[in-house]
Amino acid sequence: MSFAIGSSFRVKKGEDAHDLRREVIGGEPVVLAMVADGHGGSAASAFCRDFIFDAFLERANGDASAESLQAAGRDAFHRAHAEVHAIPGCTAGCTLTLCAVNEQRGELTCCNVGDTLAYLVSSELAGTAQMVSADHRIDHSEEERARLKALGGNLSKAVSPDGQPGGPLRVYPGGLAVARGIGDADCADFVSCEPHVETRTLPDDFVLVVATDGLWDGTTLKQVTRIALKARTPEATAEKLLKLSVKLCGLFDDMTCIIVQRKVRKLSTSLSSQNSVNTESRLSPARKSRIAFDGADDSSLPRRLSSFDEQRSSSPPLSTLATKGHPGSVAVSSVVDVGARASSDISSSKSRLKKSCDAGSLVGAAERVQRRTQRESLSAQ
């Protein structure tokens, strides 16, 4: 098994930002992924891209436990919020989602503000998608609407030039459609930078989809789940998801999608366990060398997932992640081509027959020489 990661994006206004990094925290490999969706300019999202990982790592201080990473996320979000507020004349803001995948422990810690959502998709979850972030759109969150009203906010929709209300519910003054975010100094009374934080134990086989609302508003969750379950490489999956959104709704907004996945081999369901054992016992040494155990080093297997540096053509190279071993059942790593095997067996039989004939010819020749020598000896007597 191995982790792989990839991303894709589309630019409409140039306000999205994202980054990927592999770090070692207290000797444990951790994949970091962040996505920010800016509004009112790109200053806040660009700042978070350059700042959030370093602040997170500084607060984690070499402790990769779930409790430590959750605390590090909260602290980093509050620091980023204060730093953006301190930029002279800056009223830009952004959503922010930070995911930390602890490879060694098999844990995902997700922190987010806004509507840049993260979903975990796995065949082990009955083929469903589970949200691991929170949606802080005012339209979608009764909790946030109650909080804003308690603070004296006026909730209403924007009014078009012809006097008709439309679009999502917003809080005024300010006109924000999301109740939590980073920055937005002109809406400081209402916007909260306190992130939703949770940690999940990861299934053996999963696809994590982290994306801005440009993806979620243009597709259905069912469509995203179906594509994710068929994932081969993360880069291709991210690209396919964004292509679908553009196809269905056009490029109506910036779009960014990050994929983190771990795919494992499955036993063929068409063979009974007894047949599998019998098949293994009949395999040649060469064929047996292609048997893989779940959790074995992938360097001995056919390549299924590209390494980080192969996955990210537009980002700094990341080294391939080694995964936590999970002892499991035996899985045949290739499909045997019956025709090719039969041809190989025939060639092997011909070779053995030829060797046998050659050996027989040598014995016969030796016997003829011996009999001729004996006749010549008798004649001489």
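Two residues are said to be in contact when heavy atoms of theirs lie within 4.5 Å, and this meaning of touching is used in the legends below, which describe a predicted model.

**View 1. Ser-192 and the residues it touches.** Ser-192 sits in the loop that runs between strand 11 (182–183) and strand 12 (196–201). When residues up to four places away in sequence are not counted, Ser-192 touches Val-113, Arg-147, Ala-179, Arg-180 and Gly-181. One of these, Ala-179, is 13 residues from Ser-192 along the chain, and the C-alpha atoms of the two are separated by 6.6 Å. Ser-192 has a relative accessible area of 14%, and because buried means under 20%, Ser-192 is buried. Cys-193 is buried too, since its relative accessibility is 7%.

**View 2. Asp-184, in the loop between strand 11 and strand 12.** Asp-184 has its place in the loop between these two strands. Phi of Asp-184 is near 55°, which is a positive value in a residue other than glycine. With a relative accessible area of 3%, Asp-184 is buried.

**View 3. Asn-61, between helix 1 and helix 2.** Asn-61 lies in the loop that joins helix 1 (43–60) and helix 2 (66–85). Although Asn-61 is not a glycine, it has a positive phi of about 50°. Is Asn-61 buried or exposed? Its relative accessible area is 65%, and because exposed means over 50%, Asn-61 is exposed.

View 4. Pro-173 belongs to the loop between strand 10 (165–172) and strand 11.

**View 5. The aromatic pair of Tyr-119 and Trp-216.** A pair of aromatic rings is described by the distance of the centres and the angle of the planes. The structure has 3 aromatic pairs in its count. In the pair of Tyr-119 and Trp-216, the ring centres are 4.9 Å apart and the planes stand at 55°, so this pair is tilted. Tyr-119 lies in strand 7 (residues 117–122) and Trp-216 in helix 4 (residues 213–216), so that the pair links distant parts of the chain, 97 residues apart. Both Tyr-119 and Trp-216 are buried.

**View 6. Helix 5 and what covers it.** In helix 5 (residues 221–229), the residues Gln-223, Val-224, Thr-225, Ile-227 and Ala-228 are buried. The cover over the buried residues of helix 5 includes strand 7, strand 8 (128–131), strand 13 (206–211), helix 4 and helix 6.

View 7. Helix 6 (residues 234–249) has 16 residues, and from its first C-alpha to its last it reaches 23 Å, which is close to the 22 Å expected at 1.5 Å a residue. Which residues of helix 6 are buried? They are Pro-234, Thr-237, Ala-238, Leu-241, Leu-242, Leu-244 and Ser-245. On the face of helix 6 turned away from its buried side are the exposed residues Lys-243 and Lys-247. After helix 6 comes Gly-250, whose phi is positive, near 80°.

**View 8. Asp-253, between helix 6 and strand 14.** Asp-253 is placed in the loop between helix 6 and strand 14 (255–263). At 11% relative accessibility, Asp-253 counts as buried. If its neighbours within four places in sequence are left aside, Asp-253 is in contact with Lys-12, Lys-13, Asp-37 and Asp-213.

**View 9. Ser-2 and Val-264.** Ser-2 is part of strand 1 (residues 2–10), and with a relative accessible area of 9% it is buried. Ser-2 and Val-264 are 262 residues apart in sequence, while from C-alpha to C-alpha they are 7.9 Å apart in space.

View 10. A disulfide is a covalent bond between the sulfur atoms of two cysteines. How many disulfides does a search of the whole structure find? The search finds 0 disulfides. Cys-110 has a relative accessibility of 0% and so counts as buried.

Note on methods. Residues are numbered from 1 along each chain as its sequence is written. This is a predicted model: local features need pLDDT of at least 70, side-chain atom pairs count only at pLDDT 80 or more; totals for chains, interfaces and linings use all residues. Side-chain values use heavy atoms; hydrogens and water are left out. Rings of Phe, Tyr and Trp (its six-membered ring) pair if their centres lie within 6.5 Å; planes under 30 degrees apart count as stacked, over 60 as edge-to-face and the rest as tilted. Helices (H or I, at least four residues) and strands (E, at least two) are DSSP runs, numbered from the N terminus. Buried means under 20% relative accessible area, exposed over 50%, partly exposed in between (1.4 Å probe, protein chains only). The expected span of a helix is 1.5 Å times one less than its number of residues. A disulfide is a pair of cysteine sulfur atoms within 2.5 Å.
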